[in-house]
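Hi everyone, thanks for coming.

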Amino acid sequence: MTATPDLATPPEIGGIGHSVLRREDDRLIEGQGDFLDDVALPGMLHMAIHRSPVAHARIRGIDTEAASAVDGVVAVVTGELMAAHNLAWMPTLSGDTQAVLATDKVRYQGQEVAAVIATDPYVAADAAALIEVDYDMLPAVTGPQQSLSADAPLIRDEKEGQTDNLVYTWESGDAEATDAVFAEAAKVVTLETFYPRSHPAPLETCGIVADVNSVTGQATVYLTSQAPHAHRTLFALVAGLPEQNIRIISPDLGGGFGNKVPIYPGYVVATAASLLLGTPVKWIESRSDNLISTGFGRDYHMRGELALDAGGRILALRADVLSDQGAFYSDAQPSNFRAGLFHVVTGSYDFAAAHVTCRGAFTNKAPGGVAYRCSFRITEASYLIERLVQNAAYEIGMDPADFRLLNFIREDQFPYTTPTGFTYDSGDYHTALRKAMDEVGYTELRATQAAAREEGRLLGIGIAHFTEAVGAGPSRTYDIAGLKMFDSAELRVHPTGKAILKLGVKTQGQGHETTFAQIVASELGIPVTDIKVVHGDTDNTPYGLGTYASRSTPTSGAATSMVSRKLADKARKIAAHLLEAAEADIDLAAGVFSVRGTPERSVTIQDVAFAAYTNMPEGLEHGLEGVSYYDPPNLTFPYGSYIVVVEVDAETGVWKVDRMVALDDCGVRINPMIVEGQIHGGLTEGFAKSSMQWITFDDDGNCIGANFMDYLVPTAWETPRFELLETCVPSPHHPIGAKGVGESATVGSPAAYVNAVIDAVAHLGVRNIDMPVLADRVWDAIESAS
Amino acid sequence: MEVSVTINGTAQSHDVEARQLLVDFVRSTVGLTGTHIGCDTTSCGVCTVLLDGVPVKACTVLAAQADGHEVTTVEGLKADGELHAVQKAFKENHGLQCGFCTPAMMLVGAALLESNDDPTEDEIRWAISGNLCRCTGYMNIVKSIQAAAAEGRAQ
Ligand code: FES
Ligand code: FES
C-alpha cells in the first residue's frame with residue numbers, strides 16, 4: 001500500500017472535508033429523477049398480486065376463471081403454473097426455501113397466492129380481486145413463545161426433517177466462564193424487553209420491470225435493488241438464466257433502509273411472466289403489499305443480565321434472544337451469524353466475560369428479517385446493553401453517566417478485543433460522552449430534574465452510548481448467501497482530465513455521486529465537478545455486494561481510494577517523464593505533480609491525463625484507468641453519545657422531547673453536510689421506533705400496521721429538533737480513516753429516547769416500558785408503580 | 001371521458017377512464033413522472049400537486065375533478081429557465097436525500113410562501129405535516145423552506 005497521501009484540497013477541487021453540494025440534486029429537484037415506476041417500455045404489461053387474507057390455512061382450490069375473463073387480462077399465474085417451471089419455491093438468503101406463489105398452504109397474511117398480468121394496472125388490480133381461494137383454516141401462531149411450545153401447529157410441514165417450529169439456535173462467547181463470574185457477582189441486574197417488529201418503509205415501495213427478450217435471451221431487469229450485483233448472481237442461480245445475459249439496473253431509489261436487499265416472490269413471478277409472454281412486465285408494490293409482506297426489522301424478545309462488583313464495575317454479560325422469523329427463514333445475515341452481529345451486545349464497556357444465545361422460531365408472520373437501517377441486528381444489541389446499563393446504574397445507586405464513564409473501554413485499550421470476538425478499531429468514549437454532557441448541561445439538568453420532581457413534574461434524561469460494527473467484510477468472515485463481502489471501484493481518467501468512477505455499491509439517497517467523487521478529488525486533485533459517478537447498473541460497474549450495513553464508505557469508498565492511488569502511481573511515472581525528473585522526486589498535492597525542491601517545475605493531473613493517451617514514456621501501457629477490489633481487514637466501529645431530555649405528563653403518560661443532543665464519531669467525514677443529513681434521518685427513525693412505529697398482529701395473525709394509517713411514521717410535526725456534535729478518531733485501517741455513518745443514529749438513538757422516559761419515572765421504580773413507548777404504556781407503568 | 005386540464009401552463013385534453021386518479025393522469029397519461037406514489041391511504045403526500053395553487057394529494061383526486069382547472073407539478077416550478085427559490089434552497093440546504101418526497105415537499109413549501117412570506121418554524125412544520133419524509137428527519141427541509149422565504153423577502 002502506498003503511503004497515505006496529502007488529501008487536503010481547496011474548495012474548487014472539493015475533496016474530503018468539504019460540504020460540497022450534492023451532484024444528484026440537480027435532477028431530483030426538477031422532477032427528473034428516474035425511479036422504478038418511471039420506467040415505461042413499449043408493450044409493457046402490468047402485474048398485480050393476489051395475497052392471502054388469512055395467516056394460516058390449507059389451500060383447497062383457487063378459482064381464477066372470473067379474473068381470466070376480465071377484458072385486458074393476459075395471464076393469471078398460480079403456484080401450479082410456477083411449479084411447472086420449477087419456480088413455485090425459491091431459495092432464501094439464509095438457506096431456507098420460500099414459496100413464490102403458495103401451492104399447499106398459506107403461512108402468513110399477505111402471502112403471495114396468485115398474480116394477474118394485464119394491459120393496464122387498474123385492470124390487473126381489478127382482476128386480482130376476483131380470484132377466489134378456498135381455504136381450510138388452521139390455527140395461527142403469532143409469537144415465538146407460542147411457536148416453540150409443544151402443542152404448536154407445525155408451520156413448515158413441507159420442510160423435510162422439520163418437526164417443530166425451531167429455525168436455529170446460535171451462541172457466542174464462553175458460557176462456563178460467564179456463569180462462573182455471575183456466581184461470584186455482588187449484584188446481578190436483569191432486563192427483559194421486546195424490540196417490536198418494525199418496517200423500513202422507504203417512501204418508494206419495491207418494484208420490478210422485467211424485460212426478457214425471448215429471441216436473444218437477454219434479461220434486462222429494472223429493480224429496486226440495494227445490491228444489484230448480488231441480485232444478478234442470485235437471479236442466475238434461481239431462474240437458471242446465464243449470468244452474462246442478465247443486466248440488473250437499479251435506478252434512483254426512493255430510500256431503501258434494508259427493505260431493498262432481499263429478493264421477493266413478486267420479482268420472480270414478474271421475471272417468469274416476462275420470459276413466458278415475451279413482453280416486459282412491471283410490478284410495483286402497493287404500500288400495503290410493502291408493509292404486509294416484505295423485509296421487516298427486529299422482532300426480538302431479549303433478556304439481558306449484567307454481573308456487577310460492589311463498586312459498580314461490570315464483570316460479565318449474559319444475553320438470550322428469541323427471534324420471530326416469520327414463516328420462512330429469509331434473513332439477510334452473514335451465514336456464519338444466525339443472529340447477525342448481535343454479539344456486539346457488550347457495547348462500549350470493558351469486561352472479560354460474555355455469553356450470548358439466540359433461538360429463531362417460525363411463526364405465521366411475514367418473513368424476511370432485514371437489518372432495518374443497521375448492520376445485522378446491531379440495533380437490537382445496542383438497545384439491550386444501553387437499557388441494561390442504565391438500569392444497572394440505578395440498582396447500584398450511581399448516576400448513569402458516571403456508571404458509563406467508570407466502565408468504558410479506555411482510549412489506550414484500542415484496538416480492543418471484546419469477549420465475543422470483535423476487535424474495535426479505535427475510539428475515545430470518555431471524551432465523546434463528556435462533550436455531549438457539557439453541551440446538554442448534564443449536571444445542571446440533574447438539579448433541574450430533582451427540583452421538577454419536587455413540584456410533581458416528571459423530567460427524564462436518557463443517555464445512550466453506542467458502538468456499532470459496520471462495513472462488512474472482511475470477506476473471510478462475512479458473506480450474503482455465500483457471496484463474499486468485499487467491494488469495488490473502477491476509475492477511468494479521460495484524456496481531458498475528466499473522470500468516470502464506477503461503483504459496486506448503490507446509493508438510496510446517501511449521496512454516493514458526490515462523496516465518492518470527493519474521494520477521487522482528494523486523491524488525484526481532479527475537481528469533483530469533473531467526475532461522474534456511475535452505480536446500479538451491473539453491465540457497467542464492477543462487482544460488489546451493495547449498499548447496506550453502512551458498508552459503502554468502508555468498502556467501496558476504500559476501493560475508490562485504492563484505485564485512485566494506483567492511478568496516482570502511474571500518473572507519477574508519466575509526470576516524471578514529462579518533467580524529465582526521477583519518479584521518486586515527484587510530489588503530488590491537490591492535482592499538481594511537482595519536482596521536489598523545484599516546485600515551479602510542475603504539471604497538472606490534466607496534463608498527465610492527456611499524456612496518458614498521447615505521450616507515454618517507453619514501457620508504459622497507454623491509458624489512465626484501473627479497478628480495485630477492496631477486502632477490508634476488519635469491520636469499522638463508529639460510535640456516539642446521545643443524550644435526550646424529555647418531559648412526561650404524569651396525568652396522561654404523553655412525553656415530549658425537549659432536547660436531543662447527538663455526538664457522533666464516524667472517523668473522517670468526507671462531506672460533513674451529508675453526514676449530518678444521515679444523522680438527522682437516523683435520529684428520526686430512532687424516535688419513530690421508540691414512540692409510535694411498529695407492526696403488531698392480533699391473535700388470528702392479522703397484521704396491524706399494514707398501511708400508513710396504522711403504521712405511524714413521524715411527520716415534521718412530531719419529530720424533535722436535533723443538536724449535533726462530533727469528535728473524530730479515524731479508523732486506523734481505512735485508507736482515509738472513515739468509518740461509515742448511514743445507520744449510526746438509528747442504531748444508537750432508540751435506547752436514548754426510551755432511557756429518557758424511563759429516567760423520568762425511574763424513582764417510582766419503573767425499569768422497563770417496551771417500545772413503542774406509547775402514552776398508555778407510560779401511564780400504566782406510572783399507575784402500577786405508584 | 002374527456003378531461004381538459006392546464007398543466008404547468010399548457011392546456012391538455014385526454015380521453016380517460018372516469019375512475020382515473022389525478023396522479024395517474026399526471027404520471028401516465030401526461031407523462032410527468034416527477035409526481036410520485038407512496039401509499040394507498042392518502043397518508044404520505046408524495047403525490048402532491050397544486051390544484052389552482054392549492055396543494056392536493058393527487059392520489060385522492062379524480063382526473064375528472066381537475067377538469068377545467070390548473071395543475072402545477074414539480075416540472076412546472078421552474079419559470080423562464082430559472083429554478084424556483086425553493087428548488088435552489090433545497091439543494092443548498094441539503095433538503096433532500098433520496099429525493100422521492102422532494103417534489104411534493106417543494107410544492108407545499110412554494111404554496112406556503114405564496115400566502116406567508118415569513119413563516120415560523122412551527123408554521124412550516126404544520127404546512128408539511130401531510131407529507132412524509134423517511135430520509136431527512138425534516139430539519140433540512142424546514143431550513144430549506146426558511147431559506148427560500150428569506151430569499152423571497154430579499155427580492
Ligand atoms: S400517494 Fe400517498 S398520499 Fe397520495
Ligand atoms: S428525501 Fe427520501 S423520503 Fe424525503
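This is a predicted model: local features need pLDDT of at least 70, side-chain atom pairs count only at pLDDT 80 or more; totals for chains, interfaces and linings use all residues.

Okay, chain A. We've got 19 helices and 34 strands in there. Along its principal axes, the C-alpha atoms fill a box of roughly 80 × 75 × 50 Å. So how does the radius of gyration fit with a compact globule? For 786 residues you'd expect something near 28 Å, and chain A comes out at 27 Å, so the two agree. On the inside, 61% of the residues in chain A are buried. And if you take contacts in chain A between residues at least 6 apart in sequence, 79% of them link residues at least 24 apart.

Now, where the chains meet: 42 residues of chain B touch 41 residues of chain A. On chain B's side, H2, H3, H4 and H5 each put in at least two residues, and H2(B) gives the most, with 4. By class, that side of chain B splits into 19 nonpolar, 16 polar and 7 charged residues.

Let's stay with H2(B), residues 85-92, which packs on H5(B), residues 139-154. The angle is about 135 degrees and the axes are 8 Å apart, so we call these two helices oblique to each other. Their crossing is right-handed. Among the residues making the contact are Ala89(B) and Phe90(B) from H2(B), and Ala148(B) and Gly152(B) from H5(B). Overall, that contact has 7 nonpolar, 2 polar and 2 charged residues.

That's my tour, thanks!

Definitions and conventions
Residues are numbered from 1 along each chain as its sequence is written. Chains are lettered from A and ligands numbered from 1 in the order in which they are written. Axes are lines fitted to C-alpha atoms, for helices over the stretch in contact, and angles run from 0 to 180 degrees between N-to-C directions. Angles under 35 degrees count as roughly parallel, over 145 as roughly antiparallel, 65 to 115 as roughly perpendicular and the rest as oblique. A crossing is left-handed if the near helix is turned anticlockwise from the far one by less than a right angle, and right-handed if clockwise. Two residues are in contact if their C-beta atoms, placed from the backbone, lie within 7 Å. Ala, Val, Leu, Ile, Met, Phe, Trp, Tyr, Cys and Pro count as nonpolar, Asp, Glu, Lys and Arg as charged, and the others, Gly among them, as polar. The radius of gyration is taken over C-alpha atoms; the globule rule is 2.2 Å times the number of residues to the power 0.38. A residue is buried if 20 or more other C-beta atoms lie within 10 Å of its own, exposed if 12 or fewer, and partly exposed in between; C-beta atoms are placed from the backbone.
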